[in-house]
Structure formats: structure tokens, C-alpha cells
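Welcome! Here is a friendly briefing to read alongside the sequence and the 3D view.

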Amino acid sequence: MITNLAVEVDNLSGQRLELCYHCHQCTAGCPVVGAMDYGPDQLLRLIALDERDTVLPARDIWLCAGCYTCATHCPNEIDLAAVMDALRQIAVANGYAAGERDALLFHRLFLSVVRRLGRSHEATLLGLFKLLARAPLLNDLGAGAGLFARGKVPLLPEWSGRASAEVKRLFEQSAKK
Amino acid sequence: MNYSFYPGCSLHSTGLEYGLSTRAVFARLGLELVELRDWNCCGASSAHALNNTLALTLPARNLALAQMAGRDLVIPCAACYNRTKNADHVLRTDPARRREIESIVGFGFTGEIAVRPLLAVLYEDYGPARLAAQAQHSLQGLKVATYYGCLLVRPPEIAQFDDPDDPHLMADLLRPLGVEARAWSHATDCCGGGLSLSRSDVVYGLVTRLVERAREAGADAIVTACPLCQVNLEMRQRGPAPLPVFYFTELIGLALGIPEARQWWGKHLIDPRPLLRSRDLIG
């Protein structure tokens with residue numbers, strides 16, 4: 001079966017990428033474009049050209065901070081944040097190593113904590129992230145200690161009542177078919 | 001007036017001062033906040049990054065809880081508000097998705113309750129004039145940059161909050177209390193959000209720029225309405241004289257003369273007390 005990245009992204013994101021005429025507003029407003037390799041509008045062009053092996057490993061899709069500046073200013077009302085989400089999901093589903101390994105790790109850890117507890121728990125999340133991330137272990141030691149000393153990183157997770165069991169079920173039933 | 005309250009995961013942890021000051025201010029103003037029982041995480045950025053369905057079902061469960069409680073839902077965290085309002089929007093406008101979400105979460109969406117950000121509730125339901133009338137201390141002398149970040153205002157058709165390019169609700173609430181809200185350029189520019197751990201270098205860059213612009217505009221402090229922005233702004237400033245970062249509810253609490261306010265300042269990573277003392281706002 002022949003698949004085309006543009007069609008996959010259109011379908012998953014619900015956006016019509018073919019409407020893009022490369023005015024570059026998205027790239028011009030993107031706060032993290034300086035750290036990206038291509039930038040939003042170039043990514044759209046690469047998607048249109050079905051360059052999946054360029055797009056899906058790109059760090060750009062993991063650097064997107066989801067700020068919606070692009071989506072808000074696009075004259076063709078393309079929600080590029082939704083496109084970035086679709087690209088992340090397609091990359092993961094197709095086994096591409098994340099262009100920003102720590103960003104994907106963070107999302108996975110965050111969700112695994114929520115799945116267990118029904119709510120986030122910073123202490124567990126931070127602990128696991130520090131152990132597993134490539135970012136240096138000792139980064140933020142001072143700030144972390146500062147937050148902890150001020151009671152802002154509770155060691156015990158909150159009791160969330162029925163949320164814990166019900167959220168597990170939501171995860172199971174929301175999983176991709 | 002009473003509301004259902006969705007604190008979100010950070011209000012009892014990294015956003016502690018926000019939670020404390022919100023409750024204290026609402027209690028003083030006679031507005032009742034009833035925390036949603038057994039609420040769950042809204043999914044934040046991680047859910048929508050990895051699974052579109054989960055990104056809807058997680059906040060939809062909270063909508064189901066709020067619907068059962070029968071009161072409008074007030075949300076202090078900008079990200080939680082954005083995710084929950086987004087789910088609400090999809091439930092209202094996409095019949096196929098709605099059936100799928102309803103079946104997974106196990107409820108029938110009625111659309112009766114409104115999802116509202118904290119800032120809008122104070123502004124619309126209480127109002128700046130009434131708030132000013134309750135103030136016991138003027139905050140005159142405090143020059144701030146009011147910072148909204150991204151998710152409270154964008155995308156506009158979801159957030160439906162204020163003017164997405166030039167919001168003014170925070171300034172409108174704070175000005176009558178004596179605060180000088182300086183006009184500045186970066187009120188809705190991104191702080192880097194969830195990249196704080198995975199690419200802290202990017203966040204340092206964005207925060208540095210935000211703080212420079214705030215200083216240029218003559219602000220002594222930044223005031224915000226999002227717990228992630230606040231923690232990024234406090235953790236990722238460099239240099240010897242960082243700018244303090246308040247939650248808008250803390251300044252309101254200070255003006256209202258709420259005694260517990262003195263417990264909030266020590267919770268900040270950047271101690272705001274020297275600034276407050278220099279303006280004679282605390283002892």
C-alpha cells in the first residue's frame with residue numbers, strides 16, 4: 001500500500017496542509033525556531049514532498065512548545081500545533097528515534113505517572129527523568145533543592161480517590177487501535 | 001456565588017502560592033470554590049503530544065465531574081484551562097468525536113456548565129471596581145509587567161479569553177489597586193513551557209528575553225497567571241538581580257490585607273520581599 005506522509009498528517013491532524021502557500025508567518029512567530037533544523041513552514045513543504053525520513057526524525061517536532069502562535073496567525077487557518085502533534089504520533093508509531101530524546105522521555109514519564117496515580121507527581125517524575133535523561137544529572141540541583149525546601153515537591157503523591165482507577169481505564173480505552 | 005474548582009496537578013506543588021492565594025482571595029471575597037472530587041490530570045502537553053484521544057478523554061472526565069456537580073468550572077492553571085476548554089469545544093462541535101469520548105468516559109455531555117479561567121471569573125463576576133472597594137492597602141509604587149503566556153489566550157477560538165494579542169484583564173484588575181502595569185511587548189510570548197527539563201537551554205533563552213523586555217519597560221516584577229510560566233520565570237533567570245515573579249492573586253491578596261499573604265513570599269524561589277519592603281508594601 002502506498003502511503004503519503006501528507007495524507008497521513010492531514011488525516012491525523014484534521015488540517016489541510018495543501019492550503020499552505022508559504023507566507024512564513026508560522027516560522028516568523030515561532031519562539032523556538034532558533035533551536036530547530038527546519039522551522040514550521042519548511043516542515044510543511046517537506047511533508048508535501050513526502051520526505052518522511054527527513055521530517056519524522058527531525059528535532060523540530062519535539063521542540064515545538066505547543067504555544068499556538070503559528071496556528072493563530074496562519075492566514076489559511078492551518079493548526080500547525082495539531083500538525084506537530086500528528087508528526088510526533090506518526091514518528092512514534094513508526095519507530096523513529098525522537099529527534100529530541102529527552103522531550104519524548106519526559107512525555108512518556110509524565111503519562112506513566114498519571115496513568116498510575118490519576119494525577120501528576122513531580123517528585124516521581126523528576127526523579128525518573130533525572131535518572132533516565134541525557135541532560136546532566138546535576139542540572140537544577142540548586143533549584144530542585146529550593147523547591148523541595150519550600151514544600152513545593154511533596155514526596156507523597158496526593159490521594160486522588162476514584163481518579164486513579166478510572167484514569168487507568170481511560171488510558172486503556174484511549175490507546176491507539 | 002459558587003463554583004466548581006479544578007486546581008490541576010501543580011497547585012498543590014510547584015504552584016503552591018497560586019493555590020494558597022487563590023483560595024484565600026476567593027474566601028475573602030465571599031466566592032465559594034468547591035474542589036471537584038477525585039479530579040484527574042488534564043493531560044497537560046504530554047497527552048496531546050502522544051495520543052489525540054487521551055488528550056480529550058482525560059479532561060472530558062473532569063467535565064463529566066463538573067457536570068454532575070452542576071456549577072461552572074473555574075480553572076486557575078492556563079494549561080489545564082486550555083486542555084479542558086479544548087475538550088469542551090470538541091464535545092460541542094464534533095458529533096462523532098463526542099460519541100467516542102462519551103462512550104470511553106461514560107457520560108452524556110450536556111454542555112450546561114461553562115469552563116472559565118480564574119482571571120476571567122474575578123474580572124467578570126466580581127469586577128475591578130468592587131475589588132478595589134475591598135482593598136485595604138494601596139499597592140502604589142509597584143511597577144509590573146503583566147504576563148499571560150500562551151495557553152490562556154491561544155488559539156483564540158478555543159481560549160475565548162480577552163484580546164489574544166494585547167490582553168488587559170490582569171492590568172484592569174490590578175490597576176485600581178494601585179499597581180502600575182507597564183505597557184510591554186512580550187505579554188503573550190512563550191516561556192518555553194514543558195521544555196523546561198528536556199531543553200532548559202531553550203527556556204533560559206526565552207526567559208532571558210522576556211525578563212529583558214520587562215525591565216526595559218520599567219517593570220520591577222512580572223505578574224503571571226500560569227504556574228508553569230511562573231516556575232520557568234523563577235528557575236531560568238540568570239544574573240545577580242533577578243526580577244521577582246508574582247501570581248496576580250498574590251498581589252490581590254496583599255491589597256486585600258489578607259494576613260496569610262506573608263506566608264506566600266517565602267515560597268518563591270526569587271524572594272519578592274526586598275522589593276515589597278522597598279515600596280513599603282510589607283513591614
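B:D162 is buried, because 21 other C-beta atoms lie within 10 Å; a residue counts as buried with 20 or more other C-beta atoms within 10 Å of its own, as exposed with 12 or fewer, and as partly exposed in between, the C-beta atoms being placed from the backbone. This is a predicted model, in which local features need pLDDT of at least 70 and side-chain atom pairs count only at pLDDT 80 or more, while totals for chains, interfaces and linings use all residues. Residues are numbered from 1 along each chain as its sequence is written, and chains are lettered from A and ligands numbered from 1 in the order in which they are written.

**Backbone details in chain B**

- B:D162 is found in the loop between α8 and α9 (169-174) of chain B; helices (H or I, at least four residues) and strands (E, at least two) are DSSP runs, numbered from the N terminus.
- The phi of B:D162 is positive, near 55 degrees, and the residue is not a glycine.
- Most residues other than glycine have a negative phi, and most peptide bonds are trans.
- B:D280 is another non-glycine residue with a positive phi, about 60 degrees, and it sits in the segment after α15 (273-278) of chain B.
- B:D280 is exposed, because 11 other C-beta atoms lie within 10 Å.
- The peptide bond that leads from B:R154 to B:P155 is cis, with an omega near -10 degrees.
- B:P155 belongs to the loop between β5 (143-147) and α8 (156-159) of chain B.

**Chain B as a whole**

- Chain B contains 15 helices and eight strands.
- The radius of gyration of chain B is 19 Å, which agrees with the value near 19 Å for a compact globule of 283 residues; this radius is taken over C-alpha atoms, and the globule rule is 2.2 Å times the number of residues to the power 0.38.
- The C-alpha trace of chain B spans about 55 × 45 × 30 Å along its principal axes.
- Of the 283 residues in chain B, 60% are buried.
- Taking contacts in chain B between residues at least 6 apart in sequence, 77% join residues at least 24 apart; two residues are in contact if their C-beta atoms, placed from the backbone, lie within 7 Å.

**The two domains of chain B**

- Chain B is assigned domain 1 (2-118) and domain 2 (127-278), with bounds that come from an automatic or database domain assignment.
- The centres of domain 1 and domain 2 of chain B, taken over C-alpha atoms, are 23 Å apart.
- In chain B, 24 residues of domain 1 are in contact with 26 residues of domain 2.
- On the domain 1 side of this contact, α1 (16-29) and α4 (78-93) of chain B each supply at least two residues, and α1(B) gives the largest share, with 10 residues.
- That side of domain 1 of chain B has 12 nonpolar, nine polar and three charged residues; Ala, Val, Leu, Ile, Met, Phe, Trp, Tyr, Cys and Pro count as nonpolar, Asp, Glu, Lys and Arg as charged, and the others, Gly among them, as polar.

**A helix pair in chain B**

- The axes of α3 (residues 52-69) and α4 of chain B come within 8 Å and cross at roughly 90 degrees; axes are lines fitted to C-alpha atoms, for helices over the stretch in contact, and angles run from 0 to 180 degrees between N-to-C directions.
- α3(B) is therefore roughly perpendicular to α4(B), a label for angles of 65 to 115 degrees.
- Residues making this contact include B:L56 and B:P59 of α3(B) and B:R83 and B:T84 of α4(B).

**Chain A and its meeting with chain B**

- The contact between the chains takes 51 residues from chain A and 47 residues from chain B.
- The side of chain A that touches chain B has 24 nonpolar, 14 polar and 13 charged residues.
- Chain A is assigned domain 1 (5-93) and domain 2 (101-174), whose C-alpha centres lie 28 Å apart.
- Helix α3 (residues 40-48) of chain A is mostly covered, with seven of its nine residues buried.
- A:G99, in the loop between α7 and α8 of chain A, counts as buried because it has 20 C-beta neighbours inside 10 Å.
- The C-alpha atoms of A:G99 and A:I61 are separated by 7.7 Å, although the residues are 38 apart along the chain.

How values were computed
Parallel < 35°, antiparallel > 145°, perpendicular 65-115°, else oblique.
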